[in-house]
Amino acid sequence: RARVAVIAPFPELLRECEAAFREAGIRVPVEVGDLEEGVRAARRAVDGGAEVIISRGGTALQISRALSVPVVEIQVSPYDILRCLYRLREYRGLIGITGFRNVVYGCESLGTLLGMQIRQIVVESGEDALEKVTEAVRDGVGMIIGDAVSVKLASKLGIGGMLVASGKEPVAKAIEEAEKIAEVRVRERE
């Protein structure tokens with residue numbers, strides 16, 4: 001019975017989590033589920049005995065709002081966003097970096113530092129992303145960097161998109177934090 005479960009909003013994060021668990025020598029169930037599907041997956045994990053859920057971005061936020069279980073968020077580090085921007089260093093158009101506030105905070109400063117045109121697009125939900133990304137495209141954004149929902153929307157709107165992946169460090173940190181919380185919850189019950 002696993003005390004910790006991971007709900008990965010997109011397949012790339014699932015693979016990164018599985019690799020981190022293998023390196024750490026621990027077994028943790030990992031399931032893909034974005035936003036509402038992530039909440040359903042988290043509910044199944046909790047029903048199966050999970051004490052703590054690990055997820056990222058908007059999915060982590062929605063799980064924490066829907067369930068009364070601790071949620072540890074895999075942070076998107078500035079380095080994760082810089083990796084995307086590095087791959088776009090030759091791009092001269094307006095780049096929209098989109099996601100929930102906790103993911104995109106401070107991204108416009110990166111544009112200033114790198115001499116790139118960046119627009120920070122804060123979304124509050126999957127439905128909000130449709131409106132905000134569509135508006136950004138109308139305003140001249142030609143490339144979206146962000147979460148899975150926004151990148152899918154960019155493709156549907158006919159512009160480029162790049163998923164911000166989490167590196168091993170934030171995944172390992174989330175695992176460590178979740179394991180500590182799960183241990184405390186078990187001891188408190190005992």
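Me: Which residues of helix 6 are buried?
Reply: A residue counts as buried when its relative accessible area is under 20%. In this predicted model, helix 6 covers residues 107–114, and its buried residues are C107, L110 and G111.

Me: Why do the buried residues of helix 6 line one face?
Reply: Look down the axis of helix 6: the buried residues fall within an arc of 100 degrees, so they share one face of the helix.

Me: What does the face of helix 6 turned away from the buried side carry?
Reply: Exposed means over 50% relative accessible area. That face carries two exposed residues, T112 and L113. Just after helix 6 comes G115, with a positive phi of about 70 degrees.

Me: How should I read the order of strands in a sheet?
Reply: Strands of a sheet pair through backbone hydrogen bonds, in either a parallel or an antiparallel way. Here 4 strands form an open sheet with parallel pairing, and their order is 2-1-3-4. Strand 2 (30–32) and strand 4 (71–73) are at the edges with a single partner strand each, so one side of each has no neighbour in the sheet. On average, neighbouring strands of this sheet are turned by 25 degrees against each other, direction ignored.

Me: How many bridges join strand 1 to strand 2?
Reply: There are 3 bridges between strand 1 (residues 4–8) and strand 2, and the two run parallel. To find the place in the structure, look for I7, which stands opposite E31 in strand 2.

Me: How many helices and strands are in the protein chain?
Reply: The protein chain has 9 helices and 8 strands. Its radius of gyration is 17 Å, close to the 16 Å that the globule rule gives for 190 residues, so the chain is as compact as a globular protein of that length. The C-alpha trace spans about 55 × 30 × 25 Å along its principal axes.

Me: What share of the residues in the protein chain is buried?
Reply: Of the 190 residues, 50% are buried. The accessible surface of the chain comes to about 9700 Å², and carbon and sulfur atoms hold 51% of that surface.

Key. Residues are numbered from 1 along each chain as its sequence is written. This is a predicted model: local features need pLDDT of at least 70, side-chain atom pairs count only at pLDDT 80 or more; totals for chains, interfaces and linings use all residues. Side-chain values use heavy atoms; hydrogens and water are left out. Two strands pair if DSSP finds at least two bridges between them. Axes are lines fitted to C-alpha atoms, for helices over the stretch in contact, and angles run from 0 to 180 degrees between N-to-C directions. The radius of gyration is taken over C-alpha atoms; the globule rule is 2.2 Å times the number of residues to the power 0.38. Buried means under 20% relative accessible area, exposed over 50%, partly exposed in between (1.4 Å probe, protein chains only). Accessible areas come from the Shrake-Rupley method with a 1.4 Å probe; for residues, only the protein chains shown count as cover. The arc is that of the directions from the helix axis to the C-beta atoms.
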